[in-house]
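Q: Could you take me through this structure feature by feature, giving the general idea and then the case at hand?

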Amino acid sequence: MTDVRPAVPARSWFRPLHLAGRGWLWPTLGAVSLLLTWALLSWALGPETFPGVGATLDFLGREVRRGAIWGHVGITLWRVLAAFVLALLAGIPLGIALGRFPTVAAFAAPWLAVGLTLPRILILLAAYLIIGLNERAIILSITVILLPTVAVQVREGVRSLDPRLAQMARSFQLSRAATLRAVTLPQLTPTLLGTARVTLSLAWKMVVFGEVFGRTSGVGYMISFYFQQFEMRGILAYGLVMTVILSALDGLLALISTRAAAWQGNPPRPPEEL
């Protein structure tokens, strides 16, 4: 008779840290490591070349007291959110159509291939040359840049829907509206929120990039201004403010995504940027 004994969990000094890390420990350690890396770089390169955290925060405080920073942060945030919303409004229906109808996917395949591989700066500069150095050009070009990423992410989410659940809905003779509300949307919501996180991150980077080249306001413009002044503190300060704001928005989306995926029993995996 085979002696079957329950497996004894391995004891390790790492286990308590692993359990504690499910809460606040590891994110806190990650944030501390970022600050230590920043300080180490400043020490290695010299504070004139790469200012430390304190010098950057002092410069940021001076910009806040001058009242110069919030106007630039506000206009950049508006551009990011405008392009983000437009890309989602156009990309989600397109992604659903690509996932559900093979003929639409086949027709759009060359467009998506071009959209995903075309250098993003080309679209941005072409919009400036065709439309002009204005708000429409930067928002429209960023929307075009984001659109293929949104469509592909949503397409893959639609293709991964469980057909057994749809079959069960048909067996219970649910209406299309009820099937969409009770079967399709709960499965698709984590994908949509993950897509929103990737799109927001990409939008912020591309808007700053566009402001460097063609606008006279915004965080990207101020980064370009301080670059011409060889003022590294200004570059870091403006980048730090937008990074904190966008990280807070991303954290909010991550929290909503986790709660939306709770019914699946597994935490959602972070999407990869295309």
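Predicted model: local features only at pLDDT ≥ 70, side-chain atom pairs only at ≥ 80, totals over all residues.

Q: How many helices and strands does the protein chain have?
A: Helices (H or I, at least four residues) and strands (E, at least two) are DSSP runs, numbered from the N terminus. The protein chain has eleven helices and zero strands. Of its 274 residues, 36% count as buried, where buried means under 20% relative accessible area, exposed over 50% and partly exposed in between, with a 1.4 Å probe and protein chains only. Taking contact as heavy atoms within 4.5 Å, 75% of the contacts between residues at least 6 apart in sequence join residues at least 24 apart.

Q: How should I read the length of α4, and where does α4 bend?
A: The expected span of a helix is 1.5 Å times one less than its number of residues. Helix α4 (residues 69-100) has 32 residues and reaches 46 Å from its first C-alpha to its last, close to the 46 Å expected. A bend at a residue is the angle between axes fitted to the seven residues ending there and the seven starting there; α4 bends by about 25° at Gly91, and Pro93 follows within four residues.

Q: How is the packing of two helices described?
A: Two packed helices are described by the angle between their axes and the distance between the axes. The axes are lines fitted to C-alpha atoms, for helices over the stretch in contact, and the angles run from 0 to 180 degrees between N-to-C directions. Angles under 35 degrees count as roughly parallel, over 145 as roughly antiparallel, 65 to 115 as roughly perpendicular and the rest as oblique. Helix α8 (residues 163-171) and helix α9 (residues 176-214) pack at about 175°, with axes 10 Å apart, which makes α8 roughly antiparallel to α9. Here Leu165, Ala166 and Ala169 of α8 meet Thr179, Val183 and Gln187 of α9.

Q: At what angle do α9 and α11 pack, and which classes of residue make the contact?
A: Helix α11 (residues 232-260) packs with α9 at an angle of about 175°, the axes being 9 Å apart, and the two are therefore roughly antiparallel to each other. The contact involves, among others, Leu193, Arg197 and Trp204 of α9 and Met242, Leu246 and Asp250 of α11. By class, the contact has twelve nonpolar, four polar and two charged residues, with Ala, Val, Leu, Ile, Met, Phe, Trp, Tyr, Cys and Pro counted as nonpolar, Asp, Glu, Lys and Arg as charged, and the others, Gly among them, as polar.

Q: Is Thr179 buried or exposed, and what does Thr179 contact?
A: Thr179, which lies in α9, is buried, with a relative accessible area of 17%. Leaving aside neighbours within four places in sequence, Thr179 is in contact with Ala169, Leu174 and Thr184.

Q: Where does Val104 lie, and which residues does Val104 touch?
A: Val104 belongs to helix α5 (residues 102-117) and is partly exposed, with a relative accessible area of 30%. Not counting residues up to four places away in sequence, Val104 touches Ala97 and Leu98.

Key:
Residues numbered from 1 in each chain as written. Heavy atoms only, no water.
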